[in-house]
Amino acid sequence: MVHGVGSAIGDPVSQRWVLDEIVDAYGATVVVERDAQGRASAARFDLTGLPRVDAMLTGQPVGGVPALVERLCGICPAAHHLAGVRALEALATTTPTPAGTAVRALLHHGATIETHAARLAVVDPQGAMTLRTFGKAAAAAAGSPGHFPATAVVGGVAGLVPSSACDELAASAGPALEAAVAIAGQELSTGAAGHPYRGADVALVGSDGHPDLLGERLRVVAADGTVVEPSAAPAGWDDLVVESVPGAPAPRPYLVALGPSDGGYRVGPVSQLRVGTLTTPVAAGLQAQWAAAGAGARVARAIITVHCVEAVAAAVSGGTLTEGDPQAAPGGFDQPGVGVGWADGPRGLLVHRYVTDGSGTLTQAMILTPTAQNERWLAELLLDAVDHPGAAGADGVVAGQPALEEAVREADPCLPVTSAPIGGMGLTVATVAASEPRRGSS
C-alpha cells in the first residue's frame, strides 16, 4: 500500500512516497482444517477481511439510496443498482411500467454478457471481445454508457431506448450470437464435468416459471431435482433464508425449510440452468446438452451468455424499449416497512433488504451477495482440491496450482482474484486444527 506524504516546502510538485505494504490484488487465503493424522476435514475461502457494505446505507435518506447503490460494487454494479431500486419500490409499493421493466432487462442482460465475456476470453479472445462490445452497447442503449449504471429509478427508468440504438443492436446481434454459440460449443466439447453438489440450487424465475435473471419469483431445487420452493415472492424472503452469523462478512445463510445443517445452497449460472428451461431456443438446446453431459459452471456461463444475447435480440425488435411510459408515479416512503429487491446477476442471486420507520430514512439495510451464499459450495470445491498433488508449496503459497484455482473459478466469488490470468492466482493455504469432522463444513 502506497501513501503520499505531503509536498516539500517550496516545491509543490515533488512528493515523498512511503511503501509500507504490498497487496496482491490476486491473492486470497484458503483455510484448511486437518485432524491429528493430517487429514483434511474441511476447507473454506477466507472472507473475514471483507467488509460488508450494508452499513453504508443504514441511516441514509431514502431518496439518496439509488445514487449510493450505483457505486456499491465495482464488480457487479448493474445487479446492485437494480436490486436496490427494486427494494425501494417494495417499500414504496410502486410497480415499474412495462417499458421500464423492458429497459431494465436490456441493461441487466447487457451487463451480464459483458461480465461473462471476460471469463470466456480464455476460450476465444476475439469472440469474447465481440460479446463484450455487444454487452456494453446494450447497457449504453439502456442509459448506462459508463461502468456504473444510471438507468433505473423508482417506478421505472430514466428514459426509453432510442430507435437508432435498437437498430444498431439488431444489426450486431447476429455476430454476437454466433460468437456466443461457438464458445459454448467449445466449452461443451471439453467435457468439463461439474462438481457433484449436495445442496440446493436457488435462482429467479418469471411468472411463467422459466428462469428469468430479473424474475419476480424465486425457485429452490434440491440436488435430486425435487422442487423445494416453486415460486417465492420477495416479501417472503425472511421466511425463506436466514443468516447463521448475521452481519458477518461470511454470514453462512441457509434455507429455513431445510435447516442449518442441510440448508446450504448455491446460486449462479449452474443454478440458473437447474431451476427450469430457458425461454430462448438456442440457449435451451445448449442447456439440454449441458444437463446430459453433467457439465459445470464454465459451460453454464457460456450458455447463459447465449441466452442473454438472444434476449437482447428479441427485445430490440419488440417495440417495448422505445414506446410507452418510462416511469410510473413513485409512491412515498412515509410508512414503516420492509422492502426486498433482488436480481440474478452474473455470479448469482443478489438480495437487498431495506427497512424504514416511515421517517424517510433507512433504519436497516442487508445485502446478501452471491459470494456469501456460495461459501459452502466453494468450501466443498476447495476440500476436494486441497490435497491434489502440489496443492501447496513449502511456504504455503500456491502460485498457479490448477486444482485450487479451478475450484475458485468454478464458484467465481465477487473478488479480484477471479480475474487473475490462468496460473496467476496467489493462494495462501493456512492450516488449522480441525474443529468439525464433516466434509465441506465452513
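**Helix packing and nonpolar cores in a predicted model**

Thr93 is exposed, its relative accessible area being 72% (exposed means over 50%, buried under 20% and partly exposed in between, with a 1.4 Å probe and protein chains only). The structure is a predicted model, in which local features need pLDDT of at least 70 and side-chain atom pairs count only at pLDDT 80 or more, while totals for chains, interfaces and linings use all residues. Residues are numbered from 1 along each chain as its sequence is written, and side-chain values use heavy atoms, with hydrogens and water left out.

Thr93 sits in the loop between α2 (77-92) and α3 (98-120). Although Thr93 is not a glycine, its phi is positive, at about 45°. A positive phi, near 50°, is also found for Arg252, again a residue other than glycine. Arg252 belongs to the loop between β10 (241-243) and β11 (253-255) and, at 29% relative accessibility, counts as partly exposed.

Stepping back to the whole protein chain, there are 13 helices and 17 strands (DSSP runs numbered from the N terminus, with helices being H or I of at least four residues and strands E of at least two). Of its 442 residues, 51% count as buried. Among contacts with a separation of 6 or more, 67% join residues 24 or more positions apart (contact means heavy atoms within 4.5 Å). Ala43 is part of strand β4 (residues 40-45) and is buried, at 2% relative accessibility.

Helix α10 (residues 297-316) packs with helix α5 (residues 163-189) at an angle of about 160°, the axes being 9 Å apart (axes are lines fitted to C-alpha atoms, for helices over the stretch in contact, and angles run from 0 to 180 degrees between N-to-C directions). Residues making the contact include Leu169, Ala173 and Leu177 of α5, and Val299, Ala302 and Val306 of α10. By class, 17 of the contact residues are nonpolar, one is polar and three are charged (Ala, Val, Leu, Ile, Met, Phe, Trp, Tyr, Cys and Pro count as nonpolar, Asp, Glu, Lys and Arg as charged, and the others, Gly among them, as polar).

Helix α9 (residues 281-293) also meets α10, their axes coming within 8 Å and crossing at roughly 165°. That makes α9 roughly antiparallel to α10. Among the residues in this contact are Leu286 and Trp290 of α9, together with Val299, Ala300 and Ile303 of α10. The contact of α9 with α10 has nine nonpolar, two polar and one charged residues.

The largest nonpolar core holds 99 residues, and Trp290 is one of those that touch the most other members, a group including Phe45, Leu106 and Tyr354 (such a core is a set of buried Ala, Val, Leu, Ile, Met, Phe, Trp, Tyr and Cys residues joined through side-chain atoms within 4.5 Å). Helix α10 supplies the largest share of this core, 11 residues. Apart from this core lies another, of 19 residues, including Ala232, Leu255, Val351 and Ala372. With neighbours within four places in sequence set aside, Trp290 contacts residues including Leu188, Val270, Val299 and Ile303.

Notes
Parallel < 35°, antiparallel > 145°, perpendicular 65-115°, else oblique.
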